[in-house]
Amino acid sequence: WGAGPLTRGLCSRAQPWHKGRPRRSFKTGRMTAEPTVIAGLAEVADRYDAFILDLWGTIHDGVKPLPGAVDCLYALKAAGKQMLILSNAPRRVPAVVDRMDAVGIPRDAYDDVLSSGEAAWLALHQRTDTWHAALGRRCFLIGEAGDESVLQDQDLIEVEDPGSADFVVAVGLFKRTDTLADYEALLADLQAQGLPMICANPDLEVMRGEKRELCAGTLAARYEDLGGEVHYQGKPHPPIYSLSFARLGVHGPDRILAVGDSLRTDVAGAAAVGMDSLFIASGLMADELGMTPFAEPEPRALEALFDRHAARPTYTATAFRW
């Protein structure tokens with residue numbers, strides 16, 4: 001994925017490095033704009049009609065809402081903004097909403113939800129493209145027991161023996177404590193059979209509270225390394241944004257801001273379809289930035305991070321707050 005839009009110097013804060021002044025990148029030697037750090041959405045919300053919001057690491061941490069996040073949702077709603085929560089959760093929307101209920105995100109604080117699991121379900125159900133149409137009906141699922149909503153209400157047969165499968169759906173790990181090494185033999189066997197894989201969560205990892213857990217994207221990336229064929233549903237891949245725009249009832253990205261804590265998925269995905277983006281620095285990548293929880297990110301650390309990942313958000317904020 002290419003780098004995102006350059007920052008625009010739209011913030012009014014006093015420190016000079018908040019103003020997006022051009023400087024020469026120490027890594028590439030090219031002239032770039034310094035990171036535009038904002039205190040909250042109130043500084044830029046009037047420039048956008050709609051917001052595509054990441055969920056895990058932006059609004060909640062898998063256990064509880066993140067500080068200021070629910071208030072920010074209500075503030076956006078009060079300002080008349082459309083909101084779509086776009087999650088790489090490998091579950092259908094009702095299951096995602098139930099989980100949001102459980103962690104304390106009120107249903108009246110947001111408008112709509114779309115998940116990579118819902119996109120995978122639709123692709124398997126409709127089979128309007130040649131790749132999905134050719135998959136067959138016998139499916140081997142990689143994921144926790146009870147995490148099969150992608151396969152429910154489908155004309156599919158879930159098999160326990162991967163040797164009898166036509167294709168694989170990866171929604172996560174069998175156990176949250178598993179490591180990638182636990183899947184080497186299985187992935188090698190699947191690849192040897194030539195089974196195509198649907199990855200219903202392109203995330204590599206996620207923070208659950210203060211613990212990191214691997215996601216299906218890590219398995220899918222390793223499967224590709226082994227020569228396996230993978231089709232991804234979710235961020236940063238453009239089809240999920242086409243679905244998002246349809247949900248929002250808009251036809252273009254010009255007045256939509258994408259918000260999330262991953263440069264690889266949220267920021268790069270937004271850039272690929274022409275959207276502005278807001279990077280939440282206190283989420284998944286806080287450790288790489290060397291940040292203490294909810295501290296203000298250091299501009300040179302941000303610049304280095306954006307260079308390493310070849311992705312540059314329009315704005316950066318410590319947290320998703322108003």
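**The largest cavity and its lining**

The lining of the largest cavity has six nonpolar, no polar and three charged residues. Here Ala, Val, Leu, Ile, Met, Phe, Trp, Tyr, Cys and Pro count as nonpolar, Asp, Glu, Lys and Arg as charged, and the others, Gly among them, as polar. This is a predicted model, where local features need pLDDT of at least 70, side-chain atom pairs count only at pLDDT 80 or more, and totals for chains, interfaces and linings use all residues. Residues are numbered from 1 along each chain as its sequence is written, and side-chain values use heavy atoms, with hydrogens and water left out.

A cavity is a set of points, on a 1 Å grid over the protein atoms alone, where a 1.4 Å probe fits but cannot get out; lining residues have an atom within 4 Å of a point. Grid points are joined across faces, edges and corners, and the volume is the space filled by probe spheres set on the points.

Searching the whole structure turns up one cavity of 30 Å³ or more. The volume of the largest cavity is about 30 Å³.

Which residues line the largest cavity? They are Ile52, Leu53, Asp54, Leu86, Lys235, Tyr241, Ala258, Val259 and Asp266. At least two residues of this lining come from strand 3 (50–53), and at least two from strand 13 (256–260). Strands are DSSP runs (E, at least two residues), numbered from the N terminus.

Elsewhere, five strands form an open sheet with parallel pairing, in the order 7-6-8-9-12. Two strands pair if DSSP finds at least two bridges between them. Strand 7 (157–158) and strand 12 (230–232) stand at the edges with a single partner strand each, so one side of each has no neighbour in the sheet.

Definitions and conventions: Helix = DSSP H or I, 4+ residues; strand = E, 2+ residues; numbered from the N terminus. 1 Å grid on protein atoms, 1.4 Å probe; cavity = no way out; pocket = protein on both sides within 12 Å on 5 of 7 lines; lining within 4 Å.
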